[in-house]
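Student: Could you take me through one part of this model closely, namely how its helices pack on each other and on the sheet?

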Amino acid sequence: MQDLKQKIQQAWQNLKAQELEGTKAQELYNQTVWPLLLELWRQEPQVYPLRETFEVSIHTLGTSPEATTLAALGLGASEVYVLHTPESKRYLAQFQRDLGQEVYPIEIDKSDVTRLYQAVGEQVRKHPGKKIALDLTSGTKAMSAGMAAAGYFLQRVYPSLRVAYVDNDAFDPILRKPVAGTEKLILLPNPHEVLGDLDEHLAQELYRAREFGKAADKFNALRRKTGQGSFEVYAALCEMYQRWYALDFEGAQGNAARLFGFLGQDAYRAHPLARHAQRLKEQKEGLEAIVHLLKSQSLADSKGALWLVATLLQLGEERKERQPVIAALYFYRALELILQHRLAVRGRSDDDPNLSPEEQEHLRHSLASWLGLPLEKIRPVQKLGLLEGIALLRYLSDPALEQFSEADLRGYQGMLQSRNKSLLIHGLEVSKKGDLEKLQQLGRKLYQKTREEARVFPAVEPIEV
């Protein structure tokens, strides 16, 4: 093999010594150099990083067919497809002769990238399970660009597909040819896979769509694929929001702690998420407050109650258009929770309100007025529902209820009464859009008054990435 390489070098030097150009130089190249190169590549193709054998190869063919021939020899496919233009069609016979096998030609226009992309896709789909290589060496710039675009995209669906290119270590500007013997076929890495930019974009899209679990999977896969630890930090953020949105507050708290563990390391102090450190710190503390509330069962805990109510309102808001029935449940629970909190601050419980005779009488009169029923139809109150809780807080001169008139509360009563009739609670009713808006409005007004009093301002919206 070494002797053959030396012969190629000698033949090239002889060619250079002739000081020929143009057609005469090409003729001498074809007679003395090219046969030796073909023999070398038939015996030992120069492939980097390692040679692989393919079952199908697809090539673009320009007006210099030698590089395409070397690519086909290096790929060693039994089925060879050639995308050629009307101008390069005349080189097909030479290509087949030098390759020593029949090829399958496909004619396209030299600038028709769409047709090239379509033709490549058709061939790839016709050979499921086969190992395929795309060679973008020859042809116009548009053809090479189209081949690369097709290859790197299709590689996501067909992982065994490879993109190849014949390069050289030296080029002779006079003969306008690679220096003989320096040619090599390179199996190109996919920059999308190496750098992870496409997967990162997809992960960000999933994140913005609130598909936090899927986004976390993408970021974790990117960490394994690229070795970049920064993706693991994003994964921790996604996992925090995934558990938070699933109301797994303890799990989300653990993810928040893990996230801050990363951001506290020197290696990640310049991470893009570091600019959101203050907001993330507040969210971490908010999750801790919710967990404390759930463990203590103390509804008088303003911070925990407000962060929990803010979470429920956010979840309802995000589902209001797509899943109104689910959104109604979040809004009802948020309203109920803020009422429970305001009652608990005054030492009252909705399960055991311990009403005085005066309070009992006031509640019955209020309910009769709001519901438009005779007083005798209103039974003594044993537990506080939404209407009863509002009535008691009004009697206790709660400042959050002072913003509502009697007419306001009469307008809310139908929506409040329909809670237990909801399809996902006890009944068969689906929340109407108007009722949903009223429900959200009432809960948010009470929440805003409560957070102003407590000077606690939860920010539960996911940060931007």
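Tutor: In this predicted model, helix H2 (residues 22–43) and H3 pack at an angle of about 10°, with their axes 10 Å apart; helices (H or I, at least four residues) and strands (E, at least two) are DSSP runs numbered from the N terminus, while axes are lines fitted to C-alpha atoms, for helices over the stretch in contact, and angles run from 0 to 180 degrees between N-to-C directions. H2 is therefore roughly parallel to H3, a term that covers angles under 35 degrees. On the H2 side the contact (heavy atoms within 4.5 Å) is made by Gln26, Tyr29, Asn30, Trp34, Leu38, Trp41 and Arg42, and on the H3 side by Glu66, Thr69, Leu70, Leu73 and Gly74.

Now to the sheet, which is open and has seven strands in the order E1-E9-E6-E5-E2-E3-E4, with mixed pairing; two strands pair if DSSP finds at least two bridges between them. Strand E1 (47–48) and strand E4 (104–107) stand at the edges with a single partner strand each, so one side of each has no neighbour in the sheet. Helix H3 (residues 66–75) packs on this sheet, touching E1, E2, E5, E6 and E9, and its direction makes about 170° with that of E2. Helix H4 (residues 92–99) also packs on the sheet, where it touches E2, E3 and E4.

Residues are numbered from 1 along each chain as its sequence is written, and side-chain values use heavy atoms, with hydrogens and water left out. Because the model is predicted, local features need pLDDT of at least 70 and side-chain atom pairs count only at pLDDT 80 or more, whereas totals for chains, interfaces and linings use all residues.

Technical notes:
Parallel < 35°, antiparallel > 145°, perpendicular 65-115°, else oblique.
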